[in-house]
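Subject: A structure to look at

Hello,

I am passing a structure on to you, and my notes on it follow below. Please open it first and keep it beside you as you read.

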Amino acid sequence: DGTKKEADWQGYLPFSDNPEILNPEKGFIVTANNKAVPSSFPHPIHEQTWGPASRAPIISQYLSSRIAKGHKFTTTELYDLQEYGGDLLAERILSRLIEGVTAAGGLSEAEQIAFEKIKNWDRLFAFESVESGIAIAWFHELLYDILDDKLYDDQDFERFSKWYSYYEFALHWIPRWDLNQTNFYCDEIHTKDHKETCAELYRDSFQQAVTYLTEKLGSDQKEWFIGNFVHSRYKHAFSDVPVLGKLFERTHPRSGGITSPHILHTSIVTRDYASFHGANLRMVFNLDPSPRPQEDSYWMIDTGENGSVASRNYQDMMPYFRGPQRKLLPFRYMIEEHPDSILQLKPKSD
C-alpha cells in the first residue's frame, strides 16, 4: 500500500542477495522474462514483474534435446531460436482439443478439411503454415469462449487477461477436464436449455475459427497461413492521430504462437491479430576472438536504426525481423582497428 509510510523504500538489497546461477549442470541458462527466482526467495517481487512462464520451458527443451545428442550450436542457430515456433499450448492441449472435436462430431465438409490439417500439424508455428493459422485462430476462439460469459464485462476480461493468466489457466485446466463433463467454464451459460460439454466447447470454438478465417481470407484454405492475417504493429505516440498515425506507425506480417519464444502479443478480447510491440533489440554475441565463417555476432532492432521518420533508417531493420536475413555486428572491425579500446572477456585460468 503506497499510501502508508511503512511501504516506503527502505534502501537497497546487498548485492549478495541477488538471485544467481553459477555453471548449472545442464550447461546453459535461459531467461525469457519468466520468473527467475524460486518461491522461497526471501524478498518480495511483484508477480506482475514477470512475463509468461511458457517461453523458458520451450527454449530449455529445444536446447536440452539437441545437447543430449551432442549437438554444437552456431550463433546463427541461436539467433534463429528467437524465431522458434514451438509453443506450450500446441504441445500440451492440442491433442486434447482434437479428441474433443472428434468426440463431438458435427463438422461441415470445409471444417473437416481444416480439421484434418490441424490433426497432422507438426505443432510448430511458421509464417507460411496454414495449420499455424488455423491453430492460432482456434486458440483465440477457445480462450475467449471459456471466459467471455464468465466475467462481468470486457474491462474485467482485460484485467483478468492482462498478465497472461488465461494462457496459464488453459494450460493447467484443459488437460484435466473430462471431455464429456460439463462445468462452469465449458458451459455456455447463455444457452439456458442446454449445458455444453467440454468436447462441444472445443468443437464450437474450432467452428468459430473456421468461420473467422473464411470471412477474413476466403474459402480457399491455402490462403489461411498465419502470415496472411497476423501482423506486428509498432504503435507510435501519434498512432491515434488522423493522418499522422499512418505516417509514423509501422506494421509487418509475422508468425509466432501465444506461448512460443517468438511470442504473439494479441488480444483475445477484441479478436485482433495485431501483435503490439515497442522497439526491441535482438543480439547474439560470439566471444570467440577468431570465429569460423558464419559464426560472427548478429543483431537487429525493429523497426529501424533511427527514430526520425524522415530518415532512410526509420524502418531499415524490418526485413531482418522475419526470415533468414541477419545484420552483422561490427565487432571484428572494431577489434582489428582499435585493439586498445576493446574490453576482451577471457575465461578464468585454472
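**What I found**

Arg 123 counts as partly exposed, at 21% relative accessibility (partly exposed lies between buried, under 20% relative accessible area, and exposed, over 50%, with a 1.4 Å probe and protein chains only). Its place is the loop between helix 4 and helix 5 (helices are DSSP runs of H or I with at least four residues, numbered from the N terminus). Phi of Arg 123 is near 70°, a positive value in a residue other than glycine. For background, most residues other than glycine have a negative phi.

Before going on, please note that this is a predicted model, in which local features need pLDDT of at least 70 and side-chain atom pairs count only at pLDDT 80 or more, while totals for chains, interfaces and linings use all residues. Residues are numbered from 1 along each chain as its sequence is written, and side-chain values use heavy atoms, with hydrogens and water left out.

Asn 33 also has a positive phi, of about 65°, although it is not a glycine. This residue lies in the segment before helix 1 and counts as exposed, at 55% relative accessibility.

Is Arg 55 buried or exposed? It is buried, with a relative accessible area of 16%. Setting aside neighbours within four places in sequence, Arg 55 is in contact with Ala 32, Asn 33, Thr 259, Ser 260, Pro 261 and Ile 263 (contact means heavy atoms within 4.5 Å). Between Arg 55 and Val 30 there are 9.5 Å in space, C-alpha to C-alpha, and the two are 25 residues apart in sequence.

Now to helix 4 (residues 109-119), whose buried residues are Glu 111, Ala 114, Phe 115 and Ile 118. Seen down the axis of helix 4, these fall within an arc of 105°, so they line one face of the helix (the arc is that of the directions from the helix axis to the C-beta atoms). Their cover includes helix 3 (88-104), helix 5 and helix 8.

How do helix 3 and helix 4 meet? Their axes come within 11 Å and cross at roughly 150° (axes are lines fitted to C-alpha atoms, for helices over the stretch in contact, and angles run from 0 to 180 degrees between N-to-C directions). The two helices are therefore roughly antiparallel to each other (angles over 145 degrees count as roughly antiparallel, under 35 as roughly parallel, 65 to 115 as roughly perpendicular and the rest as oblique). Leu 94, Ile 98, Val 101 and Thr 102 of helix 3 make the contact with Phe 115, Ile 118 and Lys 119 of helix 4.

Helix 5 (residues 130-147) and helix 8 (residues 198-217) pack at an angle of about 125°, with their axes 8 Å apart. That makes helix 5 oblique to helix 8. On the helix 5 side, the contact includes Gly 133, Trp 138 and Glu 141, and on the helix 8 side it includes Tyr 202, Phe 206 and Gln 208.

Ser 132 is in helix 5 as well, and counts as buried at 0% relative accessibility. Apart from neighbours within four places in sequence, Ser 132 is in contact with Trp 121, Leu 124, Phe 125, Ala 126 and Ile 226.

Enjoy exploring it!

Best wishes
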